Amino acid sequence: MHCRERSVTAYVTQHYINHSYPEPSNRRPKASCCLRRYLKHRLRTRTMNTLSCVGLLACVAMALTCQDSCCMCGPNITVTLVVENRLKPHTFKSCVVLEMPQRELLYFLQEAVAIDQHFRFTAEYFATPNVTGYFILSMNKVAGSTDDKTYWQILDKGELTPLGVSMYVPKDWSVITFNFTTY
């Protein structure tokens, strides 16, 4: 599935960036599906920092140079996200089914938050020599704790994922379970 044509400058203008990006005269640029989602999220939350600007510029560059698809996403896939807490009182199990371009798991979490008002998560970014990426701190207001030795385990079809939310890329029809458990 290819991304729809859209004018990149319209998105940039909407996003309150006062730079102009000349469009090539011989073709109309294609804005990536990633760019549309990224900007929609930033407009909704009204947040923009240096990292956001860098991300936006990367998306614009990709949208201007790619001909057929957004270059950053894979094909559209269907993924089910399940959040399950059987340890703490007020146990719950909820799920959301998403169809979107194949990307890292973090993007699926962000999309779930956007479409389901009850779906929430918090994450902390780590940048150390051994570990770089986001670590899930809480799901639906239930947080892991070093005192209780609890955390959110990530499973794909019942198997532990080899990577975290920043790096793991689900496959079509994956069932990703965030299971609140002990260590």
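Leucine 81 sits across from valine 96 of strand 2. This is a predicted model, where local features need pLDDT of at least 70 and side-chain atom pairs count only at pLDDT 80 or more, while totals for chains, interfaces and linings use all residues. Numbering runs from 1 along each chain as its sequence is written, and side-chain values use heavy atoms, leaving out hydrogens and water.

Strand 1 (residues 76-85) runs antiparallel to strand 2 (residues 92-101), with 10 bridges between them. Strands here are DSSP runs of E, at least two residues, and helices are runs of H or I, at least four, numbered from the N terminus; a pairing takes at least two DSSP bridges.

## The nonpolar core

Leu81 also turns up in the largest nonpolar core, which has 23 residues; Leu81, Leu105 and Phe178 have the most contacts inside it. Helix 4 (105-115) is among the elements giving two or more residues to this core, and its five residues are the largest share. A core here means buried Ala, Val, Leu, Ile, Met, Phe, Trp, Tyr and Cys joined through side-chain atoms within 4.5 Å, with buried meaning under 20% relative accessible area, exposed over 50% and partly exposed in between (1.4 Å probe, protein chains only).

Beyond its neighbours within four places in sequence, leucine 81 has contacts (heavy atoms within 4.5 Å) that include Val96, Leu105, Phe119 and Phe178.

## An arginine over a ring

Arginine 103 lies over the face of tyrosine 107, 3.8 Å from the ring centre. To count, NZ of Lys or CZ of Arg must be within 6 Å of the ring centre and within 35 degrees of the ring normal.
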